[in-house]
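Colleague: Could you show me how to read a few features of a model, giving the general idea and then the case at hand?

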Amino acid sequence: MKRKIVAVEADWHSNNRYGLLNPNTFLYSDDNGRYRTSVVPVQEFLWELRTQNIEKLKELAGKDDIYFFHLGDPAQGFKHNTEYVSNTEINQHAIVVSNAQPILSIPNVKVARFVIGTEAHEGIGGTSTRLLYEAMQREFPKIDIEAIYHGFADIDGQTLDYTHHGPTTGIRKWTEGNQLRHYCKDIMMDDLLNGRTPPRYIFRGHVHRKGWETVHLEIDKHPFYVTSDIMVVPSMCDMGAFARQITRSENRITNGMVVMEIVDGNMYDLHWFVVTRDLRMRELL
Ligand SMILES: [Fe+2]
Ligand SMILES: [Fe+2]
């Protein structure tokens with residue numbers, strides 16, 4: 001039996017005061033010293049979730065190979081004047097690296113792909129992701145690592161089209177998934193009309209939401225249906241001022257990772273290692 005594990009995360013937004021922060025990160029100070037930054041409660045929660053997810057991933061994988069994908073925005077960047085952990089580029093990079101290390105330290109990680117995300121967060125030319133790539137290549141020379149904008153991977157016959165920007169999951173409960181299905185169907189029809197096989201799985205990040213839709217297109221010959229799944233992977237960042245504004249005060253947020261088991265070339269199981277929180281302060285007055 002040949003089994004491969006695919007783990008997908010997105011949007012760490014390292015250096016955002018409400019983004020993923022490894023509490024063991026040492027930052028540079030201008031008095032020639034290093035210091036450990038303070039961690040706010042939601043960062044404690046996110047790190048606890050991340051640590052649990054890594055344990056679950058290790059347990060699920062056993063001795064089988066892990067393929068890790070990060071779908072972009074590893075850092076917050078300095079364009080949006082949000083609250084930073086630190087206002088220096090080197091400290092932002094230090095947080096990105098220390099957020100990546102626990103995943104790539106799992107001994108059976110064979111491949112890591114880092115997608116370049118939104119320019120406002122990455123810096124021009126995908127700077128944050130490219131710096132992460134260089135640091136990880138030096139630290140983990142045995143892992144096959146790349147930094148790219150848009151990938152198409154074939155893992156034992158299961159194909160993954162993955163990049164950062166994609167559809168929204170919908171702004172009303174009753175429209176949820178509509179955009180995902182349209183986006184997915186468009187890719188599928190374009191491929192079929194041009195004689196290509198559509199990707200079996202489409203992974204997207206950026207919108208800091210969770211979404212999953214399956215599209216079947218009917219065809220005349222065996223196997224009579226072509227199927228693709230589109231998955232929007234949630235962030236590892238809490239809702240900040242900008243997100244509160246553009247989501248018009250959405251009351252819940254989901255964080256976590258998606259893990260797929262591919263066994264003998266077939267998708268065997270899919271796991272959402274996610275937690276959804278209510279952002280409202282509930283009180284009995
Ligand atoms: Fe993002
Ligand atoms: Fe983004």
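**Helices and a buried residue**

Modeller: Helices (H or I, at least four residues) and strands (E, at least two) are DSSP runs numbered from the N terminus. This is a predicted model, in which local features need pLDDT of at least 70 and side-chain atom pairs 80 or more, while totals for chains, interfaces and linings use all residues. Residues are numbered from 1 along each chain as its sequence is written, with chains lettered from A and ligands numbered from 1 in written order.

Colleague: Which residues of H2 and H4 meet?

Modeller: Contact requires C-beta atoms, placed from the backbone, within 7 Å. On the H2 side His93, Val96, Val97, Ala100 and Leu104 take part, and they meet Ser128, Leu131, Leu132, Ala135 and Met136 of H4.

Colleague: Where is Phe203 found, and is this residue buried or exposed?

Modeller: Phe203 is found in strand S9, which covers residues 201–204. A residue is buried with 20 or more other C-beta atoms within 10 Å of its own, exposed with 12 or fewer, and partly exposed in between. Phe203 has 26 such atoms within 10 Å and is therefore buried.

Colleague: What is Phe203 in contact with, beyond its neighbours within four places in sequence?

Modeller: Its partners are Val8, Phe69, Leu71, Leu160, Tyr162, Met231 and Val233.

Conventions. Two residues are in contact if their C-beta atoms, placed from the backbone, lie within 7 Å.
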